[in-house]
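Let's take a walk through a protein model together.

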Amino acid sequence: MVSKFLEETIGMVEIPELHLESGRVLKKVRQAYAVYGSLDARGVVLVCHALTGSHHVAGPDVPGLPEAWWDPLVGPGKAIDTERFCVLCFNVLGSPYGSTSPLSPCDDDGRPYGMRFPVFSVRDMVKAQHEALKIIGIEKLECVIGGSLGGMQALEWAVMFPEAVKRSVVIAAPAFTYPQAIAFNEVQRQAIMADPQWRGGDYYDSAPPERGLAIARMLAMITYRSEETFVKRYMRELAFGAPWDWDGKFKIETYIHHHGEKLVQRFDANCYLYLTRAMDLHDIGEGRGGVKKALSMIGGQLLAVGISSDLLFPNWQVEGIVSEAREAGVEAFYDEIESDNGHDAFLIDLDQLDDILRGFWKRTMLY
Ligand SMILES: CC(=O)SCCNC(=O)CCNC(=O)[C@H](O)C(C)(C)COP(=O)(O)OP(=O)(O)OC[C@H]1O[C@@H](n2cnc3c(N)ncnc32)[C@H](O)[C@@H]1OP(=O)(O)O
Ligand SMILES: N[C@@H](CCO)C(=O)O
């Protein structure tokens, strides 16, 4: 029977023990997830979310979760078609939207872990998702797809579990995080840590470090857009006042302030520290004899999608995955979103992404 509406189920799986790359062990690890369509569908598509996203990928608002971020792409008849596939997304380890994170109670005293939470990696996120899928009863994935941090997860999925992943789509993510991106992340973390309200991460009984987190997001927004966008939208226009009196602001200033103020209402500063650290640690070649050797482990087909104006993870870094993967004998394709919107184009230019995905499905005979 064909259903006209998107059906979403929010669930939770608990993994008894998760052995992290660092050697630390987390017990009773919770993985919140969303499922779209029926688990009896012909196959499963796993969607991986980015830094501040959640497992709520599509559909109407869900209380406690941010607005759906890929609604135009996921649903009946859409590029990620919930009438053909069961679509699943996990809230990543370390995120504040339900999965185990620095907000979770620590075994020692029942208080939130804060900075006592172990540093974890993208591989740990993927390992947790793999364990959770086993509990749910899913062994094979028609496709794993994600952008940014989600793209890092999709690539790790393809390398770590080649027997399970038939296709992977890596959008706006590199094979490893280059130094400039680590530098951007470090400035953001320092903004949080310099906020006196951060208190070494132990702020759960007091006011949270909103100022620091807002400044972190302000910088991040500059890396998520592009000079072209800012010139087109704001150029040097004033939002209000006179800038030589300190009471005035350019429109570009009020824009980044707006996004800073919005994030503090929905995100946790310690989670931000840990998730950005996990992005820094991303390197598929690490411990595997280099990037090409790691890519040679991929069993299925790979599509990497760059963004022409991406400042954070420039298109040449994404294209590099494909050239190395081909040399390693993997059936790999490169495509590009042509856009001025910068890194976040994978959340904005969805008509282009729709075409790119449908093209990849055709090429790889998904349908
Ligand atoms: C994939 C994932 O897993 S991550 C989750 C994705 N979601 C987010 O990142 C949430 C934050 N949102 C965003 O970054 C963006 O809104 C996107 C990526 C969703 C869409 O991008 P765009 O369409 O370019 O939106 P834009 O960046 O212009 O933001 C629009 C907001 O800025 C405000 N804004 C625009 N210009 C200005 C300005 N000069 N001064 C103040 N505010 C401004 C708008 O009023 C609007 O506010 P609202 O969101 O409160 O309604
Ligand atoms: N803007 C998105 C993507 C960042 O990579 C987010 O906040 O998660």
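**A walk through the model**

Start with Arg217, which sits in helix 4, covering residues 210-224. A word on names: helices (DSSP runs of H or I, at least four residues) and strands (runs of E, at least two) are numbered from the N terminus. What you're looking at is a predicted model, where local features need pLDDT of at least 70, side-chain atom pairs count only at pLDDT 80 or more, and totals for chains, interfaces and linings use all residues. Residues are numbered from 1 along each chain as its sequence is written, while chains are lettered from A and ligands numbered from 1 in the order in which they are written.

Is Arg217 buried or exposed? It has 24 C-beta neighbours inside 10 Å, so Arg217 counts as buried. The rule is that 20 or more other C-beta atoms within 10 Å of a residue's own make it buried, 12 or fewer make it exposed, and anything in between is partly exposed, with C-beta atoms placed from the backbone. Leaving out residues up to four places away in sequence, Arg217 touches His259, Gly260 and Leu263. Being in contact means that the two C-beta atoms, placed from the backbone, lie within 7 Å.

Why start there? An unreviewed UniProt entry lists Arg217 and Asp344 under "binding site".

Now hop over to Asp344, in the loop between strand 12 (332-337) and helix 10 (345-348). Asp344 is buried too, because 23 other C-beta atoms lie within 10 Å. Neighbours within four places aside, Asp344 is in contact with Tyr224 and Arg225.

Asp344 also turns up around ligand 2, along with Ala50, Leu51, Thr52, Gly53, Ser148 and Tyr224. To be near a ligand, a residue needs its C-beta atom, placed from the backbone, within 6 Å of it. That shell has three nonpolar, three polar and one charged residues. Here Ala, Val, Leu, Ile, Met, Phe, Trp, Tyr, Cys and Pro count as nonpolar, Asp, Glu, Lys and Arg as charged, and the others, Gly among them, as polar.

What about ligand 1? Of the 16 residues around ligand 1, His49, Ala50, Gly53, Thr254 and His258 come nearest. Helix 6 gives the most to this shell, with five residues.

Eight strands form an open sheet in the order 1-2-6-3-7-8-11-12, with mixed pairing. Strands pair if DSSP finds at least two bridges between them. Strand 1 (8-19) and strand 12 stand at the edges, each with a single partner strand, so one side of each has no neighbour in the sheet. At one end, strand 11 (residues 301-307) and strand 12 run parallel, joined by six bridges. Ala304 stands opposite Tyr334 in strand 12.

Finish at Phe346 in helix 10. Phe346 is buried, with 28 other C-beta atoms within 10 Å. Phe346 and Gly146 are 200 residues apart in sequence, and their C-alpha atoms are 9.2 Å apart in space. Setting aside residues up to four places away, Phe346 touches several residues, including Ser148, Ile307 and Ile337.

Technical notes
UniProt positions renumbered as here; feature names shortened; annotations may be inferred.
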